Amino acid sequence: PHHTTMTRPFKPPPLARDTTGFRCNSLRAYAWKQWTMFEATFAICGLEPWEKLVFVIVMSLLTFLFFTGLSRVIPSQLISLLPRMAYYLWGDERVLNHWMDHAAASVKEL
């Protein structure tokens, strides 16, 4: 009987401890690495330089508008959410009113 064994045609080398292969020894190298990762993440590495600039400006504007809106909406939402949260936690939203009155009185003492 003829017996054959399957062998691997290629054995990959063992992985090194640092698989990135890139060390950031300076701020410039770190910035370059971050920019490269940004380009690869959003697939803008194939764009013209002016297209990259437009993309970065638009993304920066959208990010600014998002966080500005978030910072203006969250406080008002929290104020309207506190009585409901008190009702679910303590079964009565008057507990929150008592706590708020106590906090306001302690602030007035200062």
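F38 is partly exposed, with a relative accessible area of 24%; the label covers values between buried (under 20%) and exposed (over 50%), computed with a 1.4 Å probe and protein chains only. The structure is a predicted model, in which local features need pLDDT of at least 70 and side-chain atom pairs count only at pLDDT 80 or more, while totals for chains, interfaces and linings use all residues. Residues are numbered from 1 along each chain as its sequence is written, and side-chain values use heavy atoms, with hydrogens and water left out.

F38 sits in helix 1, residues 27-41. Helices here are DSSP runs of H or I with at least four residues, and strands are runs of E with at least two, numbered from the N terminus. Leaving aside residues up to four places away in sequence, F38 touches I44, F55 and V56, where a contact means heavy atoms within 4.5 Å.

A pair of aromatic rings is described by the distance of the centres and the angle of the planes. Rings of Phe, Tyr and Trp (its six-membered ring) are paired if their centres lie within 6.5 Å; planes under 30 degrees apart count as stacked, over 60 as edge-to-face and the rest as tilted. By this rule there are 6 aromatic pairs. One of them joins W35 and F38, and this pair is tilted because the ring centres are 5.4 Å apart and the planes stand at 35 degrees. W35 and F38 are 3 residues apart in helix 1, so about one helical turn separates them. W35 counts as partly exposed, at 35% relative accessibility. F38 also forms a tilted aromatic pair with F55, with 6.3 Å from centre to centre and 50 degrees between the planes. F38 lies in helix 1 and F55 in helix 2, so this pair ties together parts that are 17 residues apart in sequence. F55 is partly exposed too, with a relative accessible area of 22%. W35, F38, F42 and F55 form one aromatic cluster.

Side chains of opposite charge can pair when their charged atoms come close. A salt bridge is taken as a side-chain nitrogen of Lys or Arg within 4 Å of a carboxyl oxygen of Asp or Glu, and a search of the whole structure finds 1. The partners are E39 and K52, whose closest N and O atoms are 2.7 Å apart. This pair links distant parts of the chain, with E39 in helix 1 and K52 in helix 2, 13 residues apart. Both E39 and K52 are buried, the relative accessible area of K52 being 18%. Apart from residues up to four places away in sequence, K52 touches E39, I44, C45 and L47.

Turning to the surface, a nonpolar patch is formed by F66, F67, L70, I74, L78, L81, M85, L89, W90 and V95, with about 990 Å² of accessible area together. Patches are made of residues with over 30% relative accessible area and no salt bridge, joining like charges within 9 Å and nonpolar side chains (Val, Leu, Ile, Met, Phe, Trp, Tyr) within 5 Å. Helix 2, residues 49-90, supplies the largest share of the nonpolar patch, 9 residues. L81 is in helix 2 and, at 42% relative accessibility, counts as partly exposed.

Helix 3 (residues 94-109) is hardly covered, with 1 buried residue among its 16.

Methods
Areas by Shrake-Rupley, 256 points an atom, 1.4 Å probe, with all protein chains shown as cover.
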